Amino acid sequence: MAVVGVLALQGSYNEHMAALRRIGVRGVEVRKPEQLLGVDSLIIPGGESTTMAKLANYHNLIASPDGDHYMFPEFPALREFVSGGKPVWGTCAGLIFLANKAIGQKTGGQELVGGLDCTVHRNFFGSQLQSFETELSVPKLAEKEGGNDTCRGVFIRAPAILEVGSDVEILADCPIPADGPKVIISSGEDAEEQVYSKDRVIVAVRQGNILATAFHPELTSDSRWHRFFLDMDKESPAKAFSALSLSSSS
Ligand code: GLN
């Protein structure tokens, strides 16, 4: 049976573990690089992405570009896990973590795992007070399971995806709430503000082995997103490769 790792540094990892239990799947909390070796896929939960990045660095889960913070080079850390082709799902802060580019803070920023070809805007919808729930239309969920294509989107200080590369499939977008964002800001000391003029924004995408949602399916009783993610394991190139080498060696 597939073992799903849940990055358990901070945020809603308990809720993902419970969601996996509900569908009879074994979830394992991951805090150390070597634990990534024992899992078939990985969920990076929501929470607070800057804090999660700091904790991930502390636990040597993120390699700095020069490798300085990477004390266990023989173990695949998060970046290697993502590029290795096993399924990875980022929810909310997890989506930010997986994006190649994150904007929306006036200074600083944080280290990202990257891999997902998109620009994400942190706290796009505003502060905690602008957190909201809405119905989303996700045709892919109905395509897989039949039935209704709507799902409940729980957005908590949520990011949104402003731009995607050509390999990224858009699974859901969302209308901007009436009290929603009027501006987007770039990042860094000289951050600029720009008027956000569209009336919808992207909130769920897939690029190969990476699934990302700006909202929190683990906070609802709807298990379709977790099942969707588990199905990605069956299709993953890493699996296909090991199946191939097994059959050619037998
Ligand atoms: N706003 C948070 C961040 O920037 C993400 C919020 C969440 O994961 N619910 O990390």
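This section describes the fold, ligand surroundings, helices, strands and core of a predicted model.

The protein chain contains seven helices and 14 strands. Of its 250 residues, 38% are buried. When contacts between residues at least 6 apart in sequence are considered, 68% of them join residues at least 24 apart.

The ligand is surrounded by residues that include the run Gly46, Gly47, Glu48 and Ser49, together with Cys92, Ala93 and Ile96. Arg122, Asn123, Ile156 and Arg157 also belong to these surroundings. By residue class, the shell around the ligand divides into four nonpolar, four polar and three charged residues. Ser49, listed in this shell, is also among the buried residues of helix 2.

Helix 1 spans residues 13-22, and its buried residues are Tyr13, His16, Met17, Ala19 and Leu20. Viewed down the axis of helix 1, these residues fall within an arc of 160 degrees, so they line one face of the helix. Ala18, Arg21 and Arg22, on the other side of helix 1, are exposed. The buried residues of helix 1 pack against three strands, namely strand 1 (3-7), strand 2 (26-30) and strand 3 (41-44), and against helix 6 (224-235). Helix 1 is followed by Gly24, which has a positive phi near 75 degrees.

In helix 2 (residues 49-58), the buried residues are Ser49, Met52, Ala53 and Ala56. These residues lie on the same side of helix 2, because they cover an arc of only 100 degrees around the axis. An α-helix has 3.6 residues a turn, so residues three or four places apart point the same way. The cover over the buried residues of helix 2 includes helix 3 (78-83) and helix 4 (93-98). The C-alpha atoms of Asn57 and Glu111 are separated by 8.6 Å, although the two residues are 54 apart along the chain. Just after helix 2, Asn60 takes a positive phi of about 60 degrees.

Strand 7 (residues 132-137) and strand 8 run antiparallel and are joined by six bridges. Strand 8 (residues 150-155) has a covered face formed by Cys151, Gly153 and Phe155, whereas Thr150, Arg152 and Val154 form the uncovered face. In a regular strand the side chains alternate between the two faces of the sheet.

Gln130 is placed in the loop between strand 6 (116-121) and strand 7. Gln130 counts as partly exposed, because 17 C-beta neighbours lie inside 10 Å. Leaving aside residues up to four places away in sequence, Gln130 touches Phe125 and Asp179. Gln130 and Pro181 are 51 residues apart in sequence, with a C-alpha to C-alpha separation of 9.6 Å.

The largest nonpolar core comprises 64 residues, of which Phe97, Leu98, Ala99, Ala160, Val203 and Ala214 touch the most other members. With residues up to four places away in sequence not counted, Leu98 touches Ile44, Val88, Gly90, Val113, Gly114, Gly115, Leu116, Ile210 and Ala212.

Key:
Residues numbered from 1 in each chain as written. Predicted model: local features only at pLDDT ≥ 70, side-chain atom pairs only at ≥ 80, totals over all residues. Helix = DSSP H or I, 4+ residues; strand = E, 2+ residues; numbered from the N terminus. Buried ≥ 20, exposed ≤ 12 C-beta atoms within 10 Å, placed from the backbone. Contact = placed C-beta atoms within 7 Å. Near = placed C-beta within 6 Å. Nonpolar A, V, L, I, M, F, W, Y, C, P; charged D, E, K, R; others polar. Pairing = 2+ DSSP bridges. Core = buried A, V, L, I, M, F, W, Y, C linked by C-beta atoms within 7 Å. Arc of directions from axis to C-beta.
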